[in-house]
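Student: Could you walk me through how to read the features of a structure like this one? I would like the general idea and then the case at hand.

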Amino acid sequence: MKFDFFKETTPHLIGVDISSSAVKMVELSSLAKGKYRLEAYSMSPLPKDAIVDGNVMNLDMVVDAIKIAWKLLSSREKRSALALPSSAVISKKVIMQAGMREDDMEAQVEGEANQYIPFSLDEVNLDFQIIGPATNSPDEVEVIIAAARKEKIEDRVAAAEGAGLKVSVMDVETYATEAAYTLVASQLPNAGKGQTVMIIDIGAQGMHINVMHDDKSVYTREQTFGGAQLTQEIQRRFGLSAEEAEIAKRKGGLPDSYDAEVLQPFVQCLATEVARALQFFTSSTQYNRVDHLVLAGGCAAISGVDILVQEQAQVNTVVANPFHEMTVSNKIKQQQVSIDAPSLLIACGLAMRGVD
Ligand SMILES: Nc1ncnc2c1ncn2[C@@H]1O[C@H](COP(=O)(O)OP(=O)(O)OP(=O)(O)O)[C@@H](O)[C@H]1O
Ligand SMILES: [Mg+2]
(Lines give C-alpha, C1' and ligand atoms only; values in the text may rest on other atoms or scores of the structure.)
(Ligands and ions follow the chains in the order given, each with its own letter.)
Protein backbone atom coordinates (compact mmCIF):
# COMPACT_ATOMS: atom_id res chain seq x y z
CA MET A 1 0.00 0.00 0.00
CA LYS A 2 1.21 3.43 -0.85
CA PHE A 3 -1.85 5.58 -0.71
CA ASP A 4 -4.82 5.49 1.59
CA PHE A 5 -5.99 8.79 2.90
CA PHE A 6 -8.90 7.31 4.70
CA LYS A 7 -7.69 4.09 6.24
CA GLU A 8 -8.49 4.08 9.93
CA THR A 9 -5.28 3.14 11.73
CA THR A 10 -2.31 0.87 11.18
CA PRO A 11 -0.04 -0.55 13.88
CA HIS A 12 2.39 1.78 15.55
CA LEU A 13 4.11 4.26 13.25
CA ILE A 14 5.97 7.55 13.10
CA GLY A 15 4.20 10.68 11.84
CA VAL A 16 6.50 12.44 9.35
CA ASP A 17 5.72 15.98 8.17
CA ILE A 18 7.97 16.94 5.25
CA SER A 19 7.33 20.67 5.03
CA SER A 20 9.08 23.59 3.39
CA SER A 21 11.45 24.40 6.25
CA ALA A 22 11.99 21.10 8.03
CA VAL A 23 11.27 17.43 8.46
CA LYS A 24 9.26 16.98 11.66
CA MET A 25 8.55 13.66 13.35
CA VAL A 26 6.20 12.63 16.15
CA GLU A 27 5.82 9.25 17.83
CA LEU A 28 2.83 8.55 20.05
CA SER A 29 1.66 5.57 22.02
CA SER A 30 -1.84 4.84 23.15
CA LEU A 31 -2.77 4.51 26.82
CA ALA A 32 -6.52 4.14 26.36
CA LYS A 33 -8.95 5.15 23.66
CA GLY A 34 -8.28 8.79 22.83
CA LYS A 35 -5.50 8.99 25.46
CA TYR A 36 -2.01 9.34 24.09
CA ARG A 37 1.51 9.59 25.35
CA LEU A 38 4.11 11.61 23.48
CA GLU A 39 7.08 9.23 23.20
CA ALA A 40 9.37 11.38 21.09
CA TYR A 41 9.52 14.13 18.52
CA SER A 42 12.25 15.66 16.40
CA MET A 43 12.91 18.27 13.74
CA SER A 44 15.61 18.62 11.16
CA PRO A 45 15.88 21.80 9.06
CA LEU A 46 15.72 21.65 5.25
CA PRO A 47 17.64 24.00 2.94
CA LYS A 48 15.24 26.33 1.20
CA ASP A 49 15.46 24.71 -2.25
CA ALA A 50 14.74 21.17 -1.07
CA ILE A 51 10.92 21.42 -1.03
CA VAL A 52 9.33 24.10 -3.17
CA ASP A 53 5.55 24.57 -3.34
CA GLY A 54 5.17 21.18 -1.70
CA ASN A 55 7.24 19.43 -4.38
CA VAL A 56 10.41 17.47 -3.68
CA MET A 57 13.00 19.44 -5.68
CA ASN A 58 16.15 17.95 -4.22
CA LEU A 59 15.72 14.35 -3.17
CA ASP A 60 19.16 14.00 -1.52
CA MET A 61 18.58 16.98 0.76
CA VAL A 62 15.22 15.59 1.84
CA VAL A 63 16.64 12.10 2.41
CA ASP A 64 19.42 13.56 4.57
CA ALA A 65 17.01 15.60 6.69
CA ILE A 66 14.77 12.56 7.21
CA LYS A 67 17.80 10.52 8.30
CA ILE A 68 18.80 13.17 10.83
CA ALA A 69 15.27 13.61 12.20
CA TRP A 70 14.90 9.83 12.54
CA LYS A 71 18.21 9.57 14.35
CA LEU A 72 17.23 12.38 16.73
CA LEU A 73 13.94 10.60 17.37
CA SER A 74 15.94 7.51 18.34
CA SER A 75 13.06 5.20 17.56
CA ARG A 76 13.33 1.65 16.36
CA GLU A 77 10.05 2.05 14.49
CA LYS A 78 10.45 2.04 10.71
CA ARG A 79 6.86 2.39 9.65
CA SER A 80 5.76 5.90 8.88
CA ALA A 81 2.77 7.99 7.87
CA LEU A 82 3.48 10.79 5.40
CA ALA A 83 1.22 13.46 3.95
CA LEU A 84 0.81 15.22 0.64
CA PRO A 85 0.23 18.96 0.63
CA SER A 86 -3.38 19.75 -0.17
CA SER A 87 -2.22 21.44 -3.38
CA ALA A 88 -1.22 17.98 -4.69
CA VAL A 89 -4.64 16.49 -4.00
CA ILE A 90 -7.94 17.16 -5.68
CA SER A 91 -10.85 16.28 -3.47
CA LYS A 92 -14.53 16.51 -4.06
CA LYS A 93 -17.67 15.66 -2.17
CA VAL A 94 -20.28 13.75 -4.12
CA ILE A 95 -23.65 12.23 -3.30
CA MET A 96 -24.08 8.51 -3.96
CA GLN A 97 -26.74 5.96 -3.29
CA ALA A 98 -26.58 4.37 0.16
CA GLY A 99 -25.84 0.66 0.66
CA MET A 100 -23.90 0.09 -2.56
CA ARG A 101 -21.50 -2.86 -2.91
CA GLU A 102 -17.81 -1.97 -2.58
CA ASP A 103 -16.96 -2.72 -6.22
CA ASP A 104 -19.99 -0.84 -7.53
CA MET A 105 -18.92 2.11 -5.45
CA GLU A 106 -15.40 1.94 -6.80
CA ALA A 107 -16.73 1.97 -10.35
CA GLN A 108 -18.89 4.96 -9.63
CA VAL A 109 -16.04 6.79 -7.91
CA GLU A 110 -13.91 6.29 -11.03
CA GLY A 111 -16.72 7.64 -13.17
CA GLU A 112 -17.06 10.73 -10.98
CA ALA A 113 -13.31 11.22 -10.83
CA ASN A 114 -13.07 11.09 -14.62
CA GLN A 115 -15.27 14.15 -14.80
CA TYR A 116 -13.31 16.47 -12.61
CA ILE A 117 -9.69 15.32 -12.70
CA PRO A 118 -7.64 17.03 -15.40
CA PHE A 119 -5.35 13.97 -15.85
CA SER A 120 -5.77 10.46 -17.10
CA LEU A 121 -6.85 8.05 -14.36
CA ASP A 122 -3.64 6.03 -14.96
CA GLU A 123 -1.64 8.93 -13.60
CA VAL A 124 -3.51 9.28 -10.33
CA ASN A 125 -4.25 7.34 -7.20
CA LEU A 126 -7.85 7.50 -6.06
CA ASP A 127 -9.37 6.98 -2.67
CA PHE A 128 -12.80 7.61 -1.20
CA GLN A 129 -14.67 7.56 2.07
CA ILE A 130 -18.31 7.72 3.05
CA ILE A 131 -18.71 10.72 5.33
CA GLY A 132 -22.27 10.04 6.40
CA PRO A 133 -25.89 10.24 5.31
CA ALA A 134 -26.74 12.99 2.83
CA THR A 135 -28.68 15.91 4.27
CA ASN A 136 -32.45 15.53 3.70
CA SER A 137 -32.07 12.30 1.75
CA PRO A 138 -32.02 9.04 3.75
CA ASP A 139 -31.32 6.88 0.66
CA GLU A 140 -28.11 8.69 -0.19
CA VAL A 141 -24.69 9.17 1.37
CA GLU A 142 -22.09 11.90 1.15
CA VAL A 143 -18.80 10.56 -0.17
CA ILE A 144 -15.47 12.33 -0.35
CA ILE A 145 -13.21 11.39 -3.25
CA ALA A 146 -9.53 12.28 -3.22
CA ALA A 147 -7.13 11.98 -6.13
CA ALA A 148 -3.40 12.64 -6.23
CA ARG A 149 -0.82 12.48 -9.00
CA LYS A 150 1.15 9.24 -8.65
CA GLU A 151 4.47 11.04 -9.17
CA LYS A 152 3.84 13.33 -6.18
CA ILE A 153 3.27 10.30 -4.00
CA GLU A 154 6.28 8.46 -5.41
CA ASP A 155 8.61 11.41 -4.73
CA ARG A 156 7.74 11.44 -1.05
CA VAL A 157 7.87 7.68 -0.73
CA ALA A 158 11.32 7.70 -2.39
CA ALA A 159 12.57 10.26 0.14
CA ALA A 160 11.31 8.24 3.12
CA GLU A 161 12.58 4.93 1.75
CA GLY A 162 15.91 6.51 0.84
CA ALA A 163 16.32 7.27 4.53
CA GLY A 164 15.41 3.72 5.55
CA LEU A 165 11.78 4.25 6.57
CA LYS A 166 8.80 2.24 5.38
CA VAL A 167 5.72 4.13 4.27
CA SER A 168 2.53 2.61 5.65
CA VAL A 169 0.16 5.53 5.15
CA MET A 170 -0.01 8.42 2.70
CA ASP A 171 -2.37 11.03 4.11
CA VAL A 172 -3.16 14.63 3.17
CA GLU A 173 -1.88 17.55 5.29
CA THR A 174 -5.33 19.08 5.78
CA TYR A 175 -6.74 15.74 6.96
CA ALA A 176 -3.87 15.35 9.41
CA THR A 177 -4.60 18.83 10.75
CA GLU A 178 -8.23 17.86 11.21
CA ALA A 179 -7.22 14.70 13.09
CA ALA A 180 -4.95 16.68 15.41
CA TYR A 181 -7.70 19.24 15.94
CA THR A 182 -9.58 16.69 18.05
CA LEU A 183 -6.72 17.07 20.55
CA VAL A 184 -6.65 20.86 20.35
CA ALA A 185 -10.44 21.29 20.66
CA SER A 186 -10.24 20.58 24.38
CA GLN A 187 -8.30 23.84 24.75
CA LEU A 188 -11.47 25.70 23.74
CA PRO A 189 -14.50 26.61 25.87
CA ASN A 190 -16.99 23.72 25.80
CA ALA A 191 -14.45 21.84 23.63
CA GLY A 192 -15.54 23.91 20.65
CA LYS A 193 -18.88 22.07 20.41
CA GLY A 194 -21.39 23.71 18.08
CA GLN A 195 -18.83 26.39 17.29
CA THR A 196 -17.01 27.54 14.19
CA VAL A 197 -13.26 27.31 14.68
CA MET A 198 -10.63 28.57 12.25
CA ILE A 199 -7.28 26.78 12.46
CA ILE A 200 -4.55 28.97 11.00
CA ASP A 201 -1.25 27.16 10.53
CA ILE A 202 1.43 29.72 9.72
CA GLY A 203 4.61 27.96 8.66
CA ALA A 204 7.67 29.17 6.82
CA GLN A 205 6.12 29.72 3.38
CA GLY A 206 2.40 29.31 3.72
CA MET A 207 -0.60 30.11 5.81
CA HIS A 208 -2.82 27.03 5.82
CA ILE A 209 -6.40 27.68 6.84
CA ASN A 210 -8.91 25.07 7.87
CA VAL A 211 -12.30 25.90 9.35
CA MET A 212 -13.99 23.31 11.52
CA HIS A 213 -17.61 23.29 12.57
CA ASP A 214 -18.57 20.63 15.09
CA ASP A 215 -15.45 18.57 14.31
CA LYS A 216 -16.12 18.64 10.56
CA SER A 217 -13.98 20.58 8.12
CA VAL A 218 -16.11 23.06 6.23
CA TYR A 219 -13.50 25.18 4.42
CA THR A 220 -9.84 25.18 3.50
CA ARG A 221 -7.67 27.84 1.92
CA GLU A 222 -3.99 28.66 1.44
CA GLN A 223 -2.46 32.13 1.62
CA THR A 224 1.16 32.92 0.81
CA PHE A 225 2.53 34.29 4.04
CA GLY A 226 4.98 32.84 6.52
CA GLY A 227 7.95 33.12 8.81
CA ALA A 228 10.42 33.09 5.90
CA GLN A 229 9.53 36.76 5.35
CA LEU A 230 10.68 37.57 8.87
CA THR A 231 13.85 35.52 8.41
CA GLN A 232 14.67 37.44 5.22
CA GLU A 233 14.11 40.77 6.91
CA ILE A 234 16.45 39.74 9.75
CA GLN A 235 19.09 38.74 7.20
CA ARG A 236 18.77 42.03 5.36
CA ARG A 237 18.75 44.27 8.44
CA PHE A 238 21.52 42.62 10.38
CA GLY A 239 23.59 41.11 7.58
CA LEU A 240 23.16 37.51 8.68
CA SER A 241 23.03 34.26 6.74
CA ALA A 242 19.73 32.38 6.55
CA GLU A 243 20.95 29.86 9.16
CA GLU A 244 22.12 32.59 11.54
CA ALA A 245 18.85 34.49 11.16
CA GLU A 246 16.86 31.32 11.85
CA ILE A 247 18.79 30.63 15.07
CA ALA A 248 18.57 34.25 16.23
CA LYS A 249 14.84 34.25 15.64
CA ARG A 250 14.32 31.30 17.96
CA LYS A 251 17.04 31.88 20.53
CA GLY A 252 17.35 35.67 20.60
CA GLY A 253 20.55 37.71 20.64
CA LEU A 254 19.58 40.31 18.02
CA PRO A 255 20.16 44.07 18.52
CA ASP A 256 17.64 46.01 20.63
CA SER A 257 16.05 47.55 17.54
CA TYR A 258 14.86 44.08 16.44
CA ASP A 259 11.69 44.02 18.47
CA ALA A 260 10.26 47.41 17.56
CA GLU A 261 11.57 47.70 14.00
CA VAL A 262 11.40 44.14 12.66
CA LEU A 263 9.40 41.75 14.82
CA GLN A 264 6.42 43.96 15.68
CA PRO A 265 5.81 45.07 12.07
CA PHE A 266 5.90 41.40 11.04
CA VAL A 267 3.39 40.43 13.73
CA GLN A 268 1.20 43.32 12.56
CA CYS A 269 1.30 41.94 9.01
CA LEU A 270 0.47 38.51 10.34
CA ALA A 271 -2.58 39.86 12.18
CA THR A 272 -3.69 41.64 9.00
CA GLU A 273 -3.35 38.39 7.03
CA VAL A 274 -5.49 36.63 9.63
CA ALA A 275 -8.12 39.36 9.36
CA ARG A 276 -8.06 38.91 5.59
CA ALA A 277 -8.55 35.15 5.95
CA LEU A 278 -11.53 35.75 8.24
CA GLN A 279 -13.02 38.20 5.78
CA PHE A 280 -12.64 35.76 2.87
CA PHE A 281 -14.26 33.01 4.88
CA THR A 282 -17.28 34.93 6.10
CA SER A 283 -17.90 36.57 2.74
CA SER A 284 -17.69 33.36 0.70
CA THR A 285 -19.57 30.89 2.89
CA GLN A 286 -22.87 30.57 4.71
CA TYR A 287 -21.06 31.27 7.98
CA ASN A 288 -21.12 34.84 9.13
CA ARG A 289 -18.83 34.50 12.09
CA VAL A 290 -15.95 32.53 13.58
CA ASP A 291 -16.08 31.75 17.31
CA HIS A 292 -12.43 30.87 17.91
CA LEU A 293 -9.08 31.12 16.19
CA VAL A 294 -6.46 28.43 16.73
CA LEU A 295 -2.95 29.50 15.74
CA ALA A 296 -0.50 26.77 14.71
CA GLY A 297 2.78 26.48 12.80
CA GLY A 298 6.15 27.88 13.81
CA CYS A 299 4.92 31.50 13.74
CA ALA A 300 2.46 30.72 16.53
CA ALA A 301 5.51 30.36 18.78
CA ILE A 302 6.25 34.10 18.56
CA SER A 303 5.51 35.45 21.99
CA GLY A 304 2.38 37.62 22.18
CA VAL A 305 1.18 36.79 18.67
CA ASP A 306 -2.10 35.38 19.99
CA ILE A 307 -2.82 38.55 21.95
CA LEU A 308 -2.30 40.82 18.95
CA VAL A 309 -4.34 38.60 16.64
CA GLN A 310 -7.17 38.45 19.16
CA GLU A 311 -7.16 42.24 19.53
CA GLN A 312 -7.19 42.85 15.82
CA ALA A 313 -9.66 40.11 14.84
CA GLN A 314 -11.89 40.50 17.89
CA VAL A 315 -12.13 36.71 18.08
CA ASN A 316 -10.98 34.53 20.99
CA THR A 317 -7.53 33.18 20.02
CA VAL A 318 -5.49 30.26 21.36
CA VAL A 319 -2.13 28.77 20.39
CA ALA A 320 -2.48 25.10 19.43
CA ASN A 321 -0.92 22.55 21.71
CA PRO A 322 -1.91 19.06 20.53
CA PHE A 323 0.00 17.59 23.48
CA HIS A 324 -1.69 19.57 26.23
CA GLU A 325 -3.62 16.61 27.57
CA MET A 326 -0.93 14.01 26.89
CA THR A 327 1.55 12.55 29.26
CA VAL A 328 5.00 13.20 27.91
CA SER A 329 7.97 10.83 28.04
CA ASN A 330 10.44 11.95 30.68
CA LYS A 331 13.14 12.11 28.00
CA ILE A 332 11.43 15.21 26.61
CA LYS A 333 11.91 18.72 28.02
CA GLN A 334 8.47 20.09 28.97
CA GLN A 335 9.36 23.71 28.30
CA GLN A 336 10.67 22.98 24.82
CA VAL A 337 7.59 20.92 23.90
CA SER A 338 5.25 23.80 24.53
CA ILE A 339 7.33 26.02 22.21
CA ASP A 340 7.54 23.37 19.47
CA ALA A 341 3.98 22.00 19.83
CA PRO A 342 2.21 24.41 17.43
CA SER A 343 4.52 23.45 14.56
CA LEU A 344 3.96 19.73 15.18
CA LEU A 345 0.23 19.69 14.48
CA ILE A 346 0.49 17.82 11.17
CA ALA A 347 3.16 15.36 12.37
CA CYS A 348 0.96 14.68 15.40
CA GLY A 349 -2.14 14.10 13.26
CA LEU A 350 -0.11 11.66 11.17
CA ALA A 351 1.23 9.82 14.22
CA MET A 352 -2.38 9.35 15.36
CA ARG A 353 -2.90 7.09 12.35
CA GLY A 354 -0.77 4.52 14.13
CA VAL A 355 -2.45 4.41 17.54
CA ASP A 356 -5.88 4.06 19.16
N1 LIG B 1 10.21 30.17 18.46
C2 LIG B 1 10.02 30.75 17.28
N3 LIG B 1 9.95 32.09 17.16
C4 LIG B 1 9.78 32.68 15.96
N5 LIG B 1 9.65 32.01 14.81
C6 LIG B 1 9.71 30.68 14.87
C7 LIG B 1 9.91 29.97 16.08
N8 LIG B 1 9.91 28.66 15.82
C9 LIG B 1 9.74 28.55 14.49
N10 LIG B 1 9.62 29.76 13.92
C11 LIG B 1 9.45 30.05 12.49
O12 LIG B 1 8.38 29.31 11.97
C13 LIG B 1 8.66 28.86 10.65
C14 LIG B 1 8.64 27.36 10.62
O15 LIG B 1 7.37 26.93 11.01
P16 LIG B 1 6.82 25.50 10.59
O17 LIG B 1 7.70 24.46 11.13
O18 LIG B 1 5.39 25.46 10.96
O19 LIG B 1 6.99 25.64 9.01
P20 LIG B 1 6.82 24.56 7.87
O21 LIG B 1 5.78 23.59 8.25
O22 LIG B 1 8.15 24.03 7.50
O23 LIG B 1 6.35 25.53 6.68
P24 LIG B 1 5.16 25.37 5.64
O25 LIG B 1 3.99 24.87 6.39
O26 LIG B 1 5.01 26.74 5.10
O27 LIG B 1 5.68 24.38 4.63
C28 LIG B 1 10.06 29.36 10.31
O29 LIG B 1 9.96 30.56 9.56
C30 LIG B 1 10.66 29.61 11.70
O31 LIG B 1 11.64 30.61 11.67
MG1 LIG C 1 3.73 23.37 7.88
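Student: Is Asp214 buried or exposed?

Tutor: A word on the source comes before the answer. This is a predicted model, in which local features need pLDDT of at least 70 and side-chain atom pairs count only at pLDDT 80 or more, while totals for chains, interfaces and linings use all residues. Residues are numbered from 1 along each chain as its sequence is written, and chains are lettered from A and ligands numbered from 1 in the order in which they are written. Now the idea: a residue is buried if 20 or more other C-beta atoms lie within 10 Å of its own, exposed if 12 or fewer, and partly exposed in between, with C-beta atoms placed from the backbone. Asp214 has 11 other C-beta atoms within 10 Å, so it is exposed.

Student: Where is Asp214 placed?

Tutor: Helices (H or I, at least four residues) and strands (E, at least two) are DSSP runs, numbered from the N terminus. Asp214 sits in the loop between β12 and β13.

Student: What should I look for in its backbone?

Tutor: Most residues other than glycine have a negative phi. Asp214 has a positive phi of about 50 degrees, although it is not a glycine. Asn136 is not a glycine either, and has a positive phi of about 60 degrees. Asn136 is in the loop between β8 (124-134) and β9 (137-149), and it is exposed, because 6 other C-beta atoms lie within 10 Å.

Student: How do I read a sheet, and in what order do the five strands run?

Tutor: Two strands pair if DSSP finds at least two bridges between them. Here five strands form an open sheet with mixed pairing, in the order β13-β12-β11-β14-β15. Its edge strands, β13 (216-224) and β15, each pair on one side only. From one strand to the next, the twist averages 20 degrees.

Student: How many bridges join β11 to β12?

Tutor: Seven bridges join β11 (residues 196-202) to β12 (residues 206-213), and the two run antiparallel. By contrast, β14 (residues 292-296) and β15 run parallel and are joined by four bridges, with Asn316 in β15 as the bridge partner of His292.

Student: Which residues of β15 are on its covered face?

Tutor: In β15 (residues 316-319), Thr317 and Val319 make up the covered face, whereas Asn316 and Val318 make up the uncovered one. Helix α8 (residues 305-313) lies across β14 and β15, at about 160 degrees to β15. For such angles, axes are lines fitted to C-alpha atoms, for helices over the stretch in contact, and angles run from 0 to 180 degrees between N-to-C directions.

Student: Which residues does Ile199 touch?

Tutor: Two residues are in contact if their C-beta atoms, placed from the backbone, lie within 7 Å. Ile199, in strand β11, touches Thr177, Tyr181, Asn210, Met212, Val294 and Ala296, not counting residues up to four places away in sequence. Ile199 is buried, because 25 other C-beta atoms lie within 10 Å.

Student: How many residues of α4 are buried?

Tutor: Helix α4 is mostly covered, with 10 of its 12 residues buried; among them are Thr177 and Tyr181. Compare α2 (residues 102-116): of its 15 residues, the number buried is one, so α2 lies largely in the open.

Student: What about helix length?

Tutor: The expected span is 1.5 Å times one less than the number of residues. From first C-alpha to last, α2 reaches 21 Å, close to the 21 Å expected, and α4 reaches 16 Å, close to the 16 Å expected.

Student: How many residues surround ligand 1?

Tutor: A residue is near a molecule if its C-beta atom, placed from the backbone, lies within 6 Å of it. There are 22 residues around ligand 1, the closest being Ser19, Ser20, Gly203, Gly227 and Gly298. Helices α5 (227-238) and α6 (242-251) each supply at least two residues of that shell. Ala, Val, Leu, Ile, Met, Phe, Trp, Tyr, Cys and Pro count as nonpolar, Asp, Glu, Lys and Arg as charged, and the others, Gly among them, as polar. On that basis the shell has seven nonpolar, 12 polar and three charged residues.
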